[in-house]
Every structure is written in structure tokens, then in C-alpha cells.
Amino acid sequence: MNGLTAVAVGMKTVTLMLGGLVTLVTFRAYRRQGTLALRSLCAGFALVTFGSLVAGIVHQLTPLSYDYALVVESALTVGGFAVIAHSLYTDHT
């Protein structure tokens, strides 16, 4: 593993930790309030965080090129942000 790869792995690790924290906080808020908007918000953050995890796995543990990891991460990030936007702009209780 070269220096740049080590930096990327470190940044992905921090992303997973912070994404997991944000997902946990929104999940607890959903459990406390019970609103569908908070549930969607939690799901959106979970998708974005999961995208980072899957991209790291594809990049480090499979023979596929980094391009595949980037496509997987981007698709899950787009899906996650779509769910987050939906949770912010819809009025469901």
C-alpha cells in the first residue's frame, strides 16, 4: 500500500465513523419522535455511509479497478442524498 492509498483508507475510515455517528443520532431521534421524515433522514445517511463502506471493500478486497468502486460509491451517495432530500421536503408525520 503506497502513501496515497494509506491516506485514502484513513479518510474512508473517518468517513465511516462520522457517517455511522450521524446515522446513529438520526436513528435515535427517529425512535424518540417516531416521525417518518426522521426515518427517511436516517435511511439517507445510512445509504451514504454504506456507499463509502462498499467502495472501500470493492477497492481494497476485490480485483476490480478503482473505477468500479467510484461508481458504486457514487450511486449509493446519489440514492442517499435523494432520500435525504425527500425527507426534508415532504410533510409526513
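Which helix holds both Phe27 and Tyr30, and how many residues apart are they? Both sit in helix α1, three residues apart, which is about one turn of the helix. The legends below walk through that spot and a few others in what is a predicted model.

**View 1**
Read along the sequence, the pattern is simply α-α-α. Of the 93 residues in the chain, 23% are buried. As for who touches whom, take the contacts between residues at least 6 apart in sequence: 60% of those join residues at least 24 apart.

**View 2. Helix α1 and its buried residues.**
Helix α1 runs over residues 3-33. It has 31 residues and spans 45 Å from its first C-alpha to its last, close to the 45 Å expected at 1.5 Å a residue. Its buried residues are Gly19, Thr23, Thr26 and Ala29. What covers these buried residues of α1 includes α2.

**View 3. Thr26, zoomed in.**
Thr26 belongs to helix α1. Is Thr26 buried or exposed? Its relative accessibility is 9%, and the cut-off for buried is under 20%, so Thr26 counts as buried. Skip the neighbours within four places in sequence, and Thr26 is still in contact with Leu38, Leu41, Cys42 and Phe45.

**View 4. The aromatic pair, Phe27 and Tyr30.**
The count of aromatic pairs comes to one. The ring centres of Phe27 and Tyr30 are 6.4 Å apart and the planes make an angle of 50 degrees, so this pair is tilted. Why tilted rather than stacked or edge-to-face? Stacked needs planes under 30 degrees apart and edge-to-face needs over 60, so the 50 degrees of Phe27 and Tyr30 lands in the remaining class. Phe27 has 36% relative accessibility and counts as partly exposed. Tyr30, at 22%, also counts as partly exposed.

**View 5. Helix α3 from end to end.**
Helix α3 covers residues 66-89. With 24 residues, α3 reaches 34 Å from first C-alpha to last, close to the 34 Å expected at 1.5 Å a residue. Which residues of α3 are buried? They are Ala69, Glu73, Gly80, Ile84 and Ser87. These buried residues pack against α1 and α2, the latter being residues 36-61.

**View 6. Leu88 and Ser40.**
Leu88 is another residue of helix α3. At 57% relative accessibility, Leu88 counts as exposed. Along the chain, Leu88 and Ser40 are 48 residues apart, yet 8.8 Å separates their C-alpha atoms.

**View 7. The largest pocket.**
About 260 Å³ of space lies in the largest pocket. Its lining has 16 residues, and those nearest the pocket centre are Ala8, Val9, Lys12, Gly56 and His59. Helices α1 and α2 each supply at least two residues of this lining. Sorted by class, the lining has eight nonpolar, seven polar and one charged residues.

Terms used. Residues numbered from 1 in each chain as written. Predicted model: local features only at pLDDT ≥ 70, side-chain atom pairs only at ≥ 80, totals over all residues. Heavy atoms only, no water. Helix = DSSP H or I, 4+ residues; strand = E, 2+ residues; numbered from the N terminus. Buried < 20%, exposed > 50% of the residue type's maximum accessible area, 1.4 Å probe, protein only. Expected span 1.5 Å × (residues − 1). Contact = heavy atoms within 4.5 Å. 1 Å grid on protein atoms, 1.4 Å probe; cavity = no way out; pocket = protein on both sides within 12 Å on 5 of 7 lines; lining within 4 Å. Points joined across faces, edges and corners; volume = space filled by probe spheres on them. Nonpolar A, V, L, I, M, F, W, Y, C, P; charged D, E, K, R; others polar. Phe/Tyr/Trp six-rings, centres within 6.5 Å; stacked < 30°, edge-to-face > 60°.
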